Amino acid sequence: MQLAGTAFALLALSACAGGQYRPVADAPVRIGPAYTIRGVTYVPAAVPTYDALGYASWYGNESGSRTANGEKFRPGWISAAHTTLPLPTYVEVTSLDSGRRIIVRVNDRGPFARGRLIDLSRGAAEQLGIKAQGHAPVRVRRVEPSEKDRERLRKGKPAASLAPVPERALLRLRAQLAAGGG
């Protein structure tokens, strides 16, 4: 009986320790108020047709930190930070260097470095093939993945593989980015 009491106490304590982070879930979706970082004001908004070209970087040293969504940051998971998209949002990120595409769950705010569109977790950067580069040109497009892919991403696993973007389309996207089109 004493063993059962000890097990119950340990479970209760572990539940308290885990209570500092929001559970990984898709609801509620949070847009949040405008905020200012280093003199730049960001205005979060729901943009169902979000589609932008820019540069991705990655981050991974914040292991154990809380994301802007209140979840525990896990660098190996396929997640990202964006300055204005609702939290969480799912996006397709395409490497303009290779054409490789992945689906990522946005659950944090950032990047706050000039010229950066999205900050990928280490796991997402590895899956996209840009970790060694540090930063890379990308297309970020809001998507509505299947519930199966959402569930996989909420558990830290990659979504189903996507076919790479054909070279002809990549050339067009690279030209748009070079011309300043986002």
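Is tyrosine 59 buried or exposed? Tyrosine 59 has a relative accessibility of 10%, so this residue counts as buried; the term buried applies under 20% relative accessible area, exposed over 50% and partly exposed in between, with a 1.4 Å probe and protein chains only.

## Basis of the model

This is a predicted model, in which local features need pLDDT of at least 70 and side-chain atom pairs count only at pLDDT 80 or more, while totals for chains, interfaces and linings use all residues. Residues are numbered from 1 along each chain as its sequence is written, and side-chain values use heavy atoms, with hydrogens and water left out.

## Overall architecture

The protein chain contains four helices and eight strands. Helices (H or I, at least four residues) and strands (E, at least two) are DSSP runs numbered from the N terminus. Read from the N terminus, the order of elements is α-β-β-β-β-β-β-β-α-β-α-α.

The chain has 182 residues, of which 42% count as buried. Its accessible surface is about 9800 Å², and 57% of this belongs to carbon and sulfur atoms; such areas come from the Shrake-Rupley method with a 1.4 Å probe, and for residues only the protein chains shown count as cover. Among contacts (heavy atoms within 4.5 Å) between residues at least 6 apart in sequence, 76% join residues at least 24 apart.

## Aromatic pairs

Four aromatic pairs are counted. Rings of Phe, Tyr and Trp (its six-membered ring) pair if their centres lie within 6.5 Å; planes under 30 degrees apart count as stacked, over 60 as edge-to-face and the rest as tilted. The ring centres of tyrosine 59 and phenylalanine 73 are 4.8 Å apart and their planes are at 15°, so this pair is stacked. The pair links distant parts of the chain, since tyrosine 59 belongs to strand β3 and phenylalanine 73 to the loop between β3 and β4, 14 residues apart. Phenylalanine 73 is buried, because its relative accessibility is 2%.

An aromatic cluster is formed by Tyr35, Tyr42 and Phe112.

On a 1 Å grid over the protein atoms alone, a cavity is a set of points where a 1.4 Å probe fits but cannot get out, whereas a pocket is an open set with protein on both sides within 12 Å along at least five of seven lines; lining residues have an atom within 4 Å of a point. Grid points are joined across faces, edges and corners, and a volume is the space filled by probe spheres set on the points. One cavity of 30 Å³ or more is counted, and the largest cavity holds about 90 Å³ of space. Its lining includes Thr67, Lys72, Phe73 and Asn107. By class, this lining has five nonpolar, three polar and four charged residues. Here Ala, Val, Leu, Ile, Met, Phe, Trp, Tyr, Cys and Pro count as nonpolar, Asp, Glu, Lys and Arg as charged, and the others, Gly among them, as polar.

Threonine 67 lies in the loop between β3 (51-59) and β4 (79-81). With 4% relative accessibility, threonine 67 counts as buried. Leaving aside residues up to four places away in sequence, threonine 67 touches Lys72, Phe73, Asn107 and Asp108.

## Two loop residues

Isoleucine 130 sits in the loop between α2 (122-128) and β8 (135-142). Its relative accessibility is 0%, so isoleucine 130 counts as buried. Isoleucine 130 and tryptophan 58 are 72 residues apart in sequence, with their C-alpha atoms 8.6 Å apart in space.

Leucine 162 is found in the loop between α3 (147-154) and α4 (167-178). This residue is partly exposed, with a relative accessible area of 28%. Residues up to four places away in sequence aside, leucine 162 touches Glu92, Arg101, Ile102 and Ile103.
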